[in-house]
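Open the structure in your viewer and keep the sequence panel beside it. The stops below are meant to be followed in order.

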Amino acid sequence: MLDLSLIDITKRFGHVVAVAEVDLHLDGGKMVSFLGPSGCGKTTLLRLIAGLDSPTQGRVLLGERDITHTPAHRRNMGMVFQSLALFPHLSVGDNITYGLKIRGVSRGERRSRAEQLLELVRLPGIAERHVSQLSGGQRQRVAIARALALEPDVFLLDEPMSALDANLREAMQIELRQLQQSLNITTIVVTHDQGEAMTMSDLVVVMSNAQVQQVGPPLEIYRRPANKFVADFIGTSNLLPGRIENGGQAVVAGHGFEIARGGDGLAADSEVVVLVRPEDVHVLPGHQDGPNRLLGTVDFIRDIGATVEIIVDCAGEKVISMMTPKDRPAVSVGAEATVEFPTDACSVLRD
Ligand code: ATP
């Protein structure tokens, strides 16, 4: 269980800055996701950790050891790529124990190790089978077993679920998380799927434009996004343009708002964005003026069983509310409605 530290890491490819001045400390034994849109530098950062690329600037530490210039095969890290890269001409068992063979481990020992690893990924008894005879999910597990065969200090996965269909992907996310917890191995998963990152991780590293935007546990990232990008990228958000009156108060669409967080230290008249998550927004029937309220017209109602989504048009601002069916207000499309934003749920974001 070794900690991993990235110190002031920058990677340039010619004029392209793929990763810019990243400082990151990851505790040993945790599961971490690198999350962000395409091209933000996630894979590059993973490859720098694996030793498949070297940084233009900065250092990588594994525990106390500086591994910045250690070649990939000396880092003791297991990696699963998006393509899985299994050897098509080898059996499942030989795929899994390929690295052990290179290390000179005997045939008998390799066979029993392959069986153990197949048990671990819930595919017992298929060591003799050909890789071409496996389903997508089974191949996925074989790739994981192969990466774990050399008992790596760090386990790295680059978009490991992207080839799987939605149901299987969800099942594999849970399985991978359980496997990681049982092995207690430091694991990093690159993904652009926020659900995947939220399901599997102890810690989410949100990236955009080659930089780390926020690092935190999934719920913290959701509840307390550091900026507008993170709020927009993670979950659904109401981002209301407003103006600060004093730290705890803002004006949104001409109405006074009490704000719980983020306004301190901002000068009066600063232009800001007020974040409120849809599940915190209450919709009331008719027009009922008051603090932290906007008046509008119901634009759309979607009843999806466990939740009811109501969109209210407040002078051009489309506000989304998600409520449980038992809290559903008596409103219909086209009716007047009031939207209430509880103070506790309002935070001011900076760009
Ligand atoms: P995706 O989710 O699409 O895989 P990503 O977040 O993993 O994206 P990277 O693959 O790390 O992003 O790429 C970051 C930036 O660096 C991109 O602009 C990419 O085009 C560029 N880049 C990556 N590898 C190279 C390379 N070998 N040569 C030149 N540019 C590269």
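The tour goes from the whole chain to the ligand, then to a helix, a sheet and a loop.

**Whole chain**

Start with everything shown as a cartoon, and keep in mind that this is a predicted model. The protein chain has 9 helices and 20 strands. Its C-alpha trace spans about 80 × 45 × 35 Å along the principal axes. Of the 351 residues in the protein chain, 48% count as buried. Switch to a surface: the protein chain exposes about 16,300 Å², and carbon and sulfur atoms supply 49% of that area. If you draw the contacts between residues at least 6 apart in sequence, 66% of them join residues at least 24 apart.

**The ligand and its shell**

Select the ligand and display the residues around it. These are Phe13, Val16, Ala18, Pro37, Ser38, Gly39, Cys40, Gly41, Lys42, Thr43, Thr44 and Glu159. Which elements each supply at least two residues of this shell? They are strand E2 (16-26) and helix H1 (42-50). The largest share, 3 residues, comes from H1.

Now check the distances to oxygen atoms of the ligand:

- A polar backbone atom of Gly41 is 3.0 Å from a ligand oxygen.
- In the side chain of Lys42, an N or O atom lies 2.9 Å from an oxygen of the ligand.
- For the side chain of Thr44, the distance from an N or O atom to a ligand oxygen is 2.5 Å.

Taken alone, the ligand exposes 630 Å², of which the protein buries 58%.

**Helix H1**

Stay in this region and select residues 42-50, which form helix H1. Is this helix enclosed or open? H1 is largely enclosed by the rest of the structure, because 7 of its 9 residues are buried. Colour the buried ones: Lys42, Thr44, Leu45, Leu46, Leu48, Ile49 and Ala50. Two of these, Lys42 and Thr44, are also in the shell around the ligand.

Zoom in on strand E7 (residues 154-158) and strand E8 (residues 186-191). The two run parallel and are joined by 5 bridges. Within this pair, Phe155 stands opposite Thr187 in E8.

**Ser91**

For the last stop, follow the chain onward from E6. Ser91 lies in the loop between E6 and helix H2 (92-96). Is Ser91 buried or exposed? Its relative accessibility is 13%, so Ser91 counts as buried, the cut-off being under 20%. Show what surrounds Ser91: leaving aside neighbours within four places in sequence, Ser91 is in contact with Ala127, Glu128, Arg129 and Val131. With Ala127, look at the polar atoms as well: the backbone oxygen of Ala127 is 3.5 Å from a polar atom of the Ser91 side chain.

Notes
Residues are numbered from 1 along each chain as its sequence is written. This is a predicted model: local features need pLDDT of at least 70, side-chain atom pairs count only at pLDDT 80 or more; totals for chains, interfaces and linings use all residues. Side-chain values use heavy atoms; hydrogens and water are left out. Two strands pair if DSSP finds at least two bridges between them. Helices (H or I, at least four residues) and strands (E, at least two) are DSSP runs, numbered from the N terminus. Buried means under 20% relative accessible area, exposed over 50%, partly exposed in between (1.4 Å probe, protein chains only). A polar contact is a pair of N or O atoms within 3.5 Å; within protein, one must be able to donate a hydrogen and the other to accept it, and residues adjacent in sequence count only if both atoms are side-chain atoms. Contact means heavy atoms within 4.5 Å. A residue is near a molecule or strand if one of its heavy atoms lies within 4 Å of it. Accessible areas come from the Shrake-Rupley method with a 1.4 Å probe; for residues, only the protein chains shown count as cover.
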